Amino acid sequence: EDADTNYKIEIPSGKTLYLCLNGYKITKVTQNDNYQDRMSVTYIRGNLVLCDCKGGGKLTHSEGKIGQGAYIGGGTFTMYGGEISGNYAGNSSTSINGAGVGGASYATFKMYGGKITDNHCTVAQSHYGGGGVHVQGTFTMYGGEISNNSSVENGGGVSAEYKKDNTINLLGGKIINNTASVNGAGLYLSNRSLNISDNVEISGNTADNDGGGIYFYGKYSSSTATSYSLTISGSAKITQNTASVNGGGGYVK
């Protein structure tokens, strides 16, 4: 049945949790404003494999509580199904990136299915945002949907920053109907390479500044020697995105 929890579900380093939601919700009903004691529903130091055999299951917070759906603290999160939704990150005492899923420098996130939807980054840390997903490590999207998320800063759907030199690979799935109050409503990337191919759809995203679909900041720091690239191939679609200033489909800086 549906389950409420006062505590985060922590997967220790070296351990793997296979979690089938089976159509039910896990709701975190409390919050801890101490950033070091994560406010997330799940805190992944080891490995989490998430699926949902029946559909309708989700990881969420109760109304008015702040916290992420999942935080990858150096381990691996593999998502085959289920929904991460209804999470809000950031308040007056704590700024957090990634309301749906957040990841540290050595985190790995692989998304094959499921939904990351209706998550909201309300107070971002260092302006990176990420309403749906914020990654510092590796992110590969094979399928699923990142939709209807918002960020008060950058990256309504996905935000990826320069903490680690990894390519973000979008090989399938949809990033749709996300909003950003600044840049990159669909995706915001800085000092990262981005590979978009196959059946990816990036559509219906709206930014109040630049880059409705994609905001690509190829070299954020002049001290960084690495060159970064944006590659779009196959049948990928970037369509019907909107920016109030520059680059409805994409903005490359």
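1. A residue counts as buried when its relative accessible area is under 20%. With that cut-off in hand, 52% of the 253 residues in this chain are buried. Please keep in mind as you look around that the model is predicted.

2. Turning to the fold, you will find 32 strands and zero helices in the chain. The radius of gyration is 17 Å, close to the 18 Å given by the globule rule for 253 residues, so the chain is as compact as a globular protein of that length. The C-alpha trace spans about 45 × 40 × 35 Å along its principal axes.

3. Taking contacts between residues at least 6 apart in sequence, 83% join residues at least 24 apart.

4. Now for the surface and the charges. The chain carries 18 positive and 18 negative side chains, with 6 Å between the centres of the two sets.

5. Is Ser-193 buried or exposed? Its relative accessible area is 12%, so Ser-193 is buried, given that the cut-off is under 20%.

6. What surrounds Ser-193 there? Beyond its neighbours within four places in sequence, Ser-193 is in contact with Asn-166, Thr-167, Ile-168, Phe-216, Ser-227, Tyr-228 and Ser-229. With Ser-229 there is a further detail: the side chain of Ser-193 reaches the backbone nitrogen of Ser-229 at 3.1 Å.

Conventions: Residues are numbered from 1 along each chain as its sequence is written. This is a predicted model: local features need pLDDT of at least 70, side-chain atom pairs count only at pLDDT 80 or more; totals for chains, interfaces and linings use all residues. Side-chain values use heavy atoms; hydrogens and water are left out. Buried means under 20% relative accessible area, exposed over 50%, partly exposed in between (1.4 Å probe, protein chains only). A polar contact is a pair of N or O atoms within 3.5 Å; within protein, one must be able to donate a hydrogen and the other to accept it, and residues adjacent in sequence count only if both atoms are side-chain atoms. Contact means heavy atoms within 4.5 Å. Helices (H or I, at least four residues) and strands (E, at least two) are DSSP runs, numbered from the N terminus. The radius of gyration is taken over C-alpha atoms; the globule rule is 2.2 Å times the number of residues to the power 0.38. Lys and Arg count as positive and Asp and Glu as negative; His and the chain ends are not counted. The place of a charge is taken as NZ of Lys, CZ of Arg, CG of Asp or CD of Glu.
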